[in-house]
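Hello,

Here is the structure I said I would pass on. My notes follow below it.

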Amino acid sequence: MAVFPKNFLWGASTSAYQVEGAALEDGKGLSQQDVVNKGKTGFADASVASDHYHRYKEDVQLMKKLGLKSYRFSIAWSRIFPEGVGEPNPKGVEFYHNLIDELVVNGIEPIPTLYHYDMPEALVEKYDGWIGRQSVDDYVHYADFVIREYGSKIKYWLTINEQSIIVQYWKQKNHIPDRYVNDEQIKYQINHHMNLAQAYSVILVHKYFPDAMAGAALGYSPIYALTSEPKDALAAQNANNLRNLFYTDVYFKGFYNESALKYLQDNNLAPRMELGDEAIMKAGISDFLAINYYNSDAAKWPETGAKRRWSGVNLSGKKGDISGYETQPGYYEICRNPNLDTTDWDWAIDPSGLEYALEDLYSRYNKPLMITENGIGAHDELVDGKVHDQYRIDYMSDHIAAIGRAIGRGVPVISYNPWSYIDLLSTSNGYQKRYGFVYVDRTDDDLKNLARIKKDSFYWYQEVINSNGEN
Ligand code: BGP
C-alpha cells in the first residue's frame, strides 16, 4: 500500500549564492557570502558557481526530466536590493519571475526561501548586518516587496534558512567584523533579530496571501544520550533545548525555550530584547516547519571544570579530521556516536534519526512538516562520462523509507526536497564536496563549459518519483 500521499511534493533544493553565479551581474550587489569565503582554501569562486543564473532554462528542463514536483531555491536579497534597501533592481526582479514562471509552466511547484545566509554586504558595512537591530526593518522592507511581487505564484514560503546553523557556525555564516569575533553573545543577538524578521515575514505572507503558508527551514539534528547514565539523558535534553527547541518554540509558541534561555542568562549570553518583541514573535506563528536533516547528534554530561567550546568543522573530507565538538559547561557536551557510521566529513549517517525527528516535532507542535534538505556530500568522480554514486542512492533510499514510516504513523509530511538538485558550492568545501543529482563539470580553466551530467542517482530518483516512493 502506498504511504506517500498522491500530492506529495518530490523535489530538490539549492540556494542562490551556491548555484547562481553572476555575483555582480545585472546590478546585483555583493552578499556577505561573497566576502566571508573569498580566498579560503578549497573554495570555488561564487561569482561563477554552477552558472544557474544563465542556464536556468536548461536546468528547469533537466528538473522536468527528473520528474520534480517541487523546487526549493532561494532569492538573493542583494539581487533584488543591491544595497540591501532602496529601490529594487529590475533585472534581479525579472530573473526570479522568469525562473518561477519557467517552473510553473513545467509543472514544478516553486518553493522560495527568503534568506539563505546571504545578507547584503552593504548592510554589513552600514551596521554590521544582523548584529544591528536595523536589519529587522530592512529585512521587512525586502520581504514585503518580494512577497507582494511573487506571492500570487507561491503556495509555500520559506522564511530563514538554518538559524541554528547560523548560530553554531556564526563566523562562517555571517561576515562578523573583527571587533565582535570574541563576543559570543552576538550570535544570540543575531538570532533574536532573525526571529523578529522571521515572524514578520509570516505576518506579511498571511496579510497579502491568506491561502499561502509560511515557515522556517531549520537545520535540525535530534540528540541522543550517549549512554543510559541518567546524567547523559539530562545532557541530551539540555542539548535539545538549546540546539533545537530554542528555535522551534519561538516558531510555534512565540517565546524562547525557558531552560535554554535561563542557561544563556546565567552565562551572560542571552539576547537583549525590547518590549513588544515577544508580541511580534507571537503574532508570527509558523504554519509548518521545514527541516534540513543530515545527521543526528549524541550528548553526554560534561566533566566538572570543562570549558565552553564550539563545534569544529571537518574541512578536509577525511574521516576523523573533526577538530572538536561543542561543550556547554554544566549543561551538555556533544560527542561522537560510536553506533553510527559517518560520511567523509564526519557527519553521522542515521535514517532513523529523521523518523525520530519527524515524530517528535509533530507530537510537540502538531503542524505539518517538510524536508527541505537531506543528502550526502561526497568526492564524486566523473569516469567515462558517468558518476556512479551508489552511496547517495543508499543514503537517500534509507531516508525516504524513514519518512515513509513516519507518514505511516500519521505524521503529515508535505515534501522531500533533498540537497541538492545540481552540484553547487558547498558552504564549507566549495566544489570538493558534491551533493547533486546532476554533476557539473568544472574541469575547463575558464569555466565556460560547465556541462551538466546526470549521475546514477538522477535515474534512481526519477524512478522513486515515478512510483511515488514505492521504488
Ligand atoms: C546546509 C545549508 C546548505 C548546504 C548544506 C550542506 O547547512 O543550508 O546551504 O550547503 O548544509 O552543507 P555543506 O555545504 O557545508 O556541506
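Ala298 stands opposite Cys335 in β10. This is a predicted model: local features need pLDDT of at least 70, side-chain atom pairs count only at pLDDT 80 or more, and totals for chains, interfaces and linings use all residues. Residues are numbered from 1 along each chain as its sequence is written.

The sheet comes next. It is open, with 4 strands in the order β6-β8-β10-β9 and mixed pairing. At its edges stand β6 (223-225) and β9 (327-328), each with a single partner strand, so one side of each has no neighbour in the sheet. Strands here are DSSP runs of E of at least two residues, helices are runs of H or I of at least four, and both are numbered from the N terminus. Two strands pair if DSSP finds at least two bridges between them.

β8 and β10 run antiparallel, joined by 3 bridges. β9 and β10 (residues 332-335) also run antiparallel, with 2 bridges. Thr327 has Glu333 of β10 as its bridge partner. Gln328 stands opposite Tyr332 in β10. The hairpin of β9 and β10 has 3 residues between the strands, and Gly330 there takes a positive phi near 70 degrees.

Helix α11 (residues 230-253) lies across β6, β8 (297-300), β9 and β10. It runs at about 165 degrees to β6. Axes are lines fitted to C-alpha atoms, for helices over the stretch in contact, and angles run from 0 to 180 degrees between N-to-C directions.

Now the helix pair. α7 (residues 134-150) and α10 (residues 185-208) pack at about 25 degrees, with axes 9 Å apart. They are therefore roughly parallel to each other (angles under 35 degrees count as such). The contact includes Tyr139, Ala143 and Ile147 of α7, and Leu196, Tyr200 and Leu204 of α10. Contact means C-beta atoms, placed from the backbone, within 7 Å. By class, the contact has 11 nonpolar, 3 polar and 2 charged residues. Ala, Val, Leu, Ile, Met, Phe, Trp, Tyr, Cys and Pro count as nonpolar, Asp, Glu, Lys and Arg as charged, and the others, Gly among them, as polar.

Best wishes

Terms used: Parallel < 35°, antiparallel > 145°, perpendicular 65-115°, else oblique. Contact = placed C-beta atoms within 7 Å.
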